[in-house]
Amino acid sequence: MVRLTKTLVAVAAACVLVGLTAAASAGTGRDDNVDEGGGGVHVDFGAWYPSVGYVQAPQGRASATLIDPQWALTAAHVVDGATSLSFTIGGIEHGATQWLPHPKWNGDLEKGYDIGLIQFGDPISDIEPAPLYTGTSELDSVGTAAGYGRYGTGTEGATGFDGQRRAGNNTIDALLRTPGKDNRILLTDFDSGSPADNALADVGSEPEPLALEYLIAPGDSGGGLFLDTDESNAEDINGDGVLDPVGDVLAGVHSFVWGRLDGAPDSDYGDVSGHTRVSAFGDWIDSVLSPGGGDDDGGKPPWAGGPGGKPKKSSAFDDSIVPEPATLALLLSGGLMLMWRRRASRSA
């Protein structure tokens with residue numbers, strides 16, 4: 001059983017006005033992993049995820065992941081209401097021909113529909129699209145978050161910009177309970193090693209940080225949370241009972257930062273990040289990417305679960321679910337950062 005009694009404050013980490021001539025950088029990391037640019041995670045690690053590019057909109061910049069030669073996956077709040085978009089990857093800017101949020105997206109981060117797609121005219125042939133994770137074993141896996149957001153350290157939070165893509169690791173500690181039968185948001189917390197900063201201790205998170213412990217920051221929204229290649233992420237791809245490694249697969253889309261402990265969503269130690277669960281949206285993505293799908297009024301049919309069916313609850317999931325927010329007030333603060341606040345006292 002989990003009960004939330006603190007005020008929750010989350011920021012949709014996207015489209016912060018940095019100045020429209022420079023890209024944002026990405027994420028906050030441990031103080032003892034400061035790289036040459038002042039960020040908490042090495043720039044070189046970000047280079048290992050070439051499928052992640054940045055989105056340029058009139059209001060600022062965000063992130064997205066190439067999943068098809070002509071499509072990128074991003075957050076719904078990045079594309080919702082945009083009047084023009086471009087996607088830059090591998091140093092080349094591609095003008096968007098259409099963009100759409102998920103048809104059930106209504107502006108509420110709590111609902112778990114913060115996912116969208118961007119199409120561009122010319123296929124990208126020199127960068128490998130990211131494969132999508134279709135399983136339901138994200139919990140306790142080590143994920144790698146990549147994007148073009150602010151950078152900084154755990155003590156100071158997200159404080160700077162330098163135009164570099166960064167990446168870092170975090171353990172997927174919990175699911176946020178979302179309305180309905182399925183939980184569509186993955187949660188990670190930013191550990192310092194101190195139990196006082198272990199924001200998800202009540203759902204089993206351990207306080208010890210990873211070597212490249214990391215949290216997303218404003219500007220990372222729409223970027224990718226990847227599961228690394230290892231035995232724990234293997235899948236029975238061929239149906240022969242043999243687990244096959246699936247490589248670096250896209251499991252989440254960066255959605256928000258939550259100041260669960262201190263009420264300040266500034267990506268410092270103790271904050272929590274939320275990532276829209278890709279495995280819950282495989283059918284919708286396929287329906288849009290199919291010939292003519294993107295022209296069908298927002299990619300109908302609406303969401304119907306991943307290729308393997310909707311994520312299923314299990315006893316292993318039950319102790320790692322944070323109750324859904326009961327109400328959500330969208331506010332504007334800090335440029336174009338979307339913030340939300342609620343008080344909750346509901347049991348899981």
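This report describes selected strands, ring pairs, salt bridges and individual residues in a predicted model.

Strand E4 covers residues 60-68, and eight of its nine residues are buried, so the strand is largely enclosed by the rest of the structure. Two residues separate E3 from E4, and the two strands form a hairpin.

E4 also pairs with strand E5 (residues 71-74), again in the antiparallel sense, here over three bridges. Thr65 has Leu73 in E5 as its bridge partner. E4 and E5 likewise form a hairpin, with two residues between them.

## Aromatic pairs

The model contains five aromatic pairs. One of them joins Phe87 and Phe120, which are stacked, with 5.5 Å from centre to centre and 15° between the planes. This pair links distant parts of the chain: Phe87 belongs to strand E6 (residues 86-89) and Phe120 to strand E8 (residues 116-120), 33 residues apart. Phe87 and Phe120 are both buried.

A further pair is formed by Tyr113 and Phe281; their ring centres are 6.1 Å apart and their planes stand at 75°, so the pair is edge-to-face. Tyr113 is in the loop between strand E7 (92-101) and E8, while Phe281 is in the loop between strand E18 (272-277) and helix H3 (282-289), so the pair ties together parts that are 168 residues apart in sequence. Both Tyr113 and Phe281 are buried. Another ring, that of Tyr151, has Arg166 over its face, at 4.7 Å from the ring centre.

## Salt bridges

Side chains of opposite charge can pair when their charged atoms come close. Two salt bridges are found in the whole structure. One is between Arg277 and Glu138, whose closest N and O atoms are 2.8 Å apart. Arg277 is part of strand E18 and Glu138 lies in the loop between E8 and strand E9 (142-147), so this pair ties together parts that are 139 residues apart in sequence. Arg277 and Glu138 are both buried.

The other salt bridge joins Asp202 and Arg260, with 3.0 Å between the closest N and O atoms. This pair also links distant parts of the chain: Asp202 is in the loop between strand E14 (185-189) and strand E15 (214-215), and Arg260 is in the loop between E17 and E18, 58 residues apart. Asp202 counts as partly exposed, at 39% relative accessibility, whereas Arg260 counts as buried, at 6%.

## His254 and its surroundings

His254 is located in strand E17 (residues 249-258). With a relative accessible area of 0%, His254 is buried. A polar atom of its side chain lies 3.1 Å from the backbone oxygen of Gly224. Leaving aside neighbours within four places in sequence, the residues in contact with His254 include Ala75, Ala145, Ala146, Ile216, Asp220, Gly224 and His275.

## Leu289 in helix H3

Leu289 lies in helix H3 and counts as partly exposed, at 24% relative accessibility. Apart from neighbours within four places in sequence, Leu289 is in contact with Ile67, Asp68, Trp71 and Leu117. Leu289 and Ile67 are 222 residues apart in sequence, yet their C-alpha atoms are 9.8 Å apart in space.

Note on methods: Residues are numbered from 1 along each chain as its sequence is written. This is a predicted model: local features need pLDDT of at least 70, side-chain atom pairs count only at pLDDT 80 or more; totals for chains, interfaces and linings use all residues. Side-chain values use heavy atoms; hydrogens and water are left out. Rings of Phe, Tyr and Trp (its six-membered ring) pair if their centres lie within 6.5 Å; planes under 30 degrees apart count as stacked, over 60 as edge-to-face and the rest as tilted. Helices (H or I, at least four residues) and strands (E, at least two) are DSSP runs, numbered from the N terminus. Buried means under 20% relative accessible area, exposed over 50%, partly exposed in between (1.4 Å probe, protein chains only). A charge sits over a ring if NZ of Lys or CZ of Arg is within 6 Å of the ring centre and within 35 degrees of the ring normal. A polar contact is a pair of N or O atoms within 3.5 Å; within protein, one must be able to donate a hydrogen and the other to accept it, and residues adjacent in sequence count only if both atoms are side-chain atoms. Contact means heavy atoms within 4.5 Å. Two strands pair if DSSP finds at least two bridges between them. A salt bridge is a side-chain nitrogen of Lys or Arg within 4 Å of a carboxyl oxygen of Asp or Glu.
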